[in-house]
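Dear colleague,

Please find the structure below, together with its sequence. My notes on it follow directly after.

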Amino acid sequence: MKNLIQDTLNRIKNEQIVPEPRWKILVPKLGIWTVLGLIVLLGAIAVSVADYLLTQLDWEMPASMHQNVFVYGAIVFPYFWVVLIGLVVAGAFWGVRKTETGYRFSWLKIISVTVVGVAVIGFLMSTIGWGGRFNGMMMRDMPYYAQHTVTKETQWMQPEKGFLAGMIVTVSNDVIVINDLQGSAWNVRLNTETLVRPSVSLAVGQVIKIIGTRQDTQNFVASEIRPWMGQGMMGLGQGRGMMGADR
Amino acid sequence: MDEKKALTDNNLVELAKESSEMFGLLMERYQGPLFHYVRRITQLPAEDVQDLLQEVFIKIYQKLNEYDVDLKFSSWAYRIAHNHVVDYFRKVSARPQSNVLEDYEWEKIIHAGINIEKDITNKDCVTKIKACIQELPMNYREVLILRFVEEKDYEEIMDILRKPKGTVATLIARGKDELRKKMQENNINC
């Protein structure tokens with residue numbers, strides 16, 4: 001039997017083998033942690049946009065559309081972002097397991113920590129308005145995404161279904177003119193049955209949401225008017241006559 | 001000499017980074033255990049095991065800066081040996097073949113695998129069981145060797161194989177199941 005120790009030491013000396021420098025070991029580790037950080041950031045963005053999309057919607061709409069709230073939920077659900085969150089969690093699991101000590105953590109612990117981390121950062125981003133900004137960027141730069149995403153704007157730009165929104169351009173006794181969210185002008189007719197929510201201000205420059213019936217490509221009869229933000233439920237609703245008295 | 005023996009593995013690692021001669025002390029300490037481990041999992045002749053072990057020691061030396069003091073040095077060294085053996089068999093595209101486990105080593109696996117209380121005295125029976133163990137896939141055979149021959153605890157096996165505890169437990173349980181199944185298939189009833 002050969003002298004393994006001496007042979008190995010001789011080989012180390014003759015071939016001038018030395019321990020690899022620390023930086024060479026740290027770089028790949030740092031790489032994995034950087035990728036992990038980016039994965040978590042992507043997950044947080046997905047959470048913030050999904051949160052934005054779900055909270056900005058009008059959850060009273062199904063009632064106005066005579067639709068089941070679950071069917072409505074299935075239509076407006078942000079599938080793209082939820083699938084992305086799932087991929088992020090799977091990616092983070094894979095990344096953690098690739099780290100030096102990742103095998104020591106159970107899958108449940110890795111997934112729980114990832115989900116909580118992504119959710120906390122995501123909701124913080126959402127709070128400071130990043131969810132809306134990211135969604136806006138996607139809507140602007142990715143036509144396919146814009147086509148398949150239900151937002152408050154797309155919800156309220158369905159005149160054929162009786163939903164319209166826009167900025168008031170002129171106001172007269174029975175008719176207000178608005179520029180809708182796509183820039184088209186509409187004459188919106190009000191009558192004694194029109195319910196104007198209490199916090200609505202029918203003044204030029206105000207953005208409003210209207211439920212009613214489309215007459216043609218430029219005329220719309222309003223049965224209800226709401227402010228753009230919220231449901232306008234501060235106090236009791238009022239009829240057209242009362243609104244007229246206010247003015 | 002006693003001073004050197006009193007040094008911990010971690011001390012030796014630090015000293016070895018400065019001087020390859022000090023690495024000789026680490027090799028001295030782990031030559032035996034790693035030789036037996038590599039022999040058991042590869043089932044190669046001693047000469048070949050020595051060649052493999054030299055490569056393992058060179059790798060350990062090159063990776064000294066990578067050693068994490070939270071791990072037991074032995075687990076880390078076993079891990080490098082395990083990885084080297086896996087690479088070796090991948091390169092030569094061969095599975096370990098010959099039977100080089102000592103009788104007492106076989107018995108440990110047999111007893112653990114089939115939960116027998118009595119000693120197996122029938123030589124023919126032992127031979128048949130050995131054949132069943134050799135037929136096990138390498139991942140099962142290796143965990144059984146680590147657990148019952150090397151007598152490593154679950155934490156150490158986790159660190160050596162870099163697998164979660166649940167996976168290690170599953171591999172051990174499945175390895176034992178596979179062994180029992182193979183014994184049934186071969187009508188071994190000792």
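One convention is needed at the outset: a crossing is called left-handed if the near helix is turned anticlockwise from the far one by less than a right angle, and right-handed if clockwise. Please also note that this is a predicted model, in which local features need pLDDT of at least 70 and side-chain atom pairs count only at pLDDT 80 or more, while totals for chains, interfaces and linings use all residues. Residues are numbered from 1 along each chain as its sequence is written, and chains are lettered from A and ligands numbered from 1 in the order in which they are written.

Chain B overall

Chain B contains ten helices and zero strands, where helices (H or I, at least four residues) and strands (E, at least two) are DSSP runs numbered from the N terminus. Along the sequence, the pattern of chain B is therefore α-α-α-α-α-α-α-α-α-α. Of its 190 residues, 33% count as buried; a residue is buried if 20 or more other C-beta atoms lie within 10 Å of its own, exposed if 12 or fewer, and partly exposed in between, with C-beta atoms placed from the backbone. Among the contacts in chain B with a separation of 6 or more, 71% join residues 24 or more positions apart. Two residues are in contact here if their C-beta atoms, placed from the backbone, lie within 7 Å.

The two domains of chain B

The domain assignment divides chain B into domain 1 (2–92) and domain 2 (103–185); such bounds come from an automatic or database domain assignment. Nine residues from domain 1 of chain B and ten residues from domain 2 of chain B form the contact. On the domain 1 side, α3 (20–42) and α5 (73–92) of chain B are the elements that give two or more residues, and α5(B) has the largest share, with four residues. By class, this side of domain 1 has four nonpolar, two polar and three charged residues. For these classes, Ala, Val, Leu, Ile, Met, Phe, Trp, Tyr, Cys and Pro count as nonpolar, Asp, Glu, Lys and Arg as charged, and the others, Gly among them, as polar.

The expected span of a helix is 1.5 Å times one less than its number of residues. Helix α4 of chain B (residues 46–62) has 17 residues and should span 24 Å, and its end C-alpha atoms are 24 Å apart, which agrees. Its buried residues are V49(B), Q50(B), L52(B), L53(B), V56(B), F57(B), I60(B) and Y61(B). What covers them includes α1 (4–14) of chain A, together with α3 and α5 of chain B.

Helix α5(B), with 20 residues, reaches 29 Å from its first C-alpha to its last, close to the 28 Å expected. W76(B), A77(B), Y78(B), I80(B), A81(B) and V85(B) are buried in α5(B). The buried residues of α5(B) pack against α3, α4 and α9 (154–161) of chain B.

The interface between the chains

The contact between the chains takes 25 residues from chain B and 20 residues from chain A. On the chain B side, α3 and α4 each supply at least two residues, and α4(B) gives the most, with eight residues. That side of chain B has nine nonpolar, eight polar and eight charged residues.

The axes of α1(A) and α3(B) come within 10 Å and cross at roughly 145 degrees. Axes are lines fitted to C-alpha atoms, for helices over the stretch in contact, and angles run from 0 to 180 degrees between N-to-C directions. The crossing of α1(A) past α3(B) is right-handed. In this pairing, L4(A), I5(A), T8(A), L9(A), I12(A) and K13(A) meet S20(B), E21(B), G24(B), M27(B), E28(B) and Q31(B).

Individual residues

Q43(B), in the loop between α3 and α4 of chain B, has a positive phi of about 55 degrees although it is not a glycine. With 18 C-beta neighbours inside 10 Å, Q43(B) counts as partly exposed. R162(B), in the loop between α9 and α10 (165–185) of chain B, likewise has a positive phi of about 55 degrees without being a glycine. R162(B) is partly exposed, with 17 other C-beta atoms within 10 Å.

Yours sincerely
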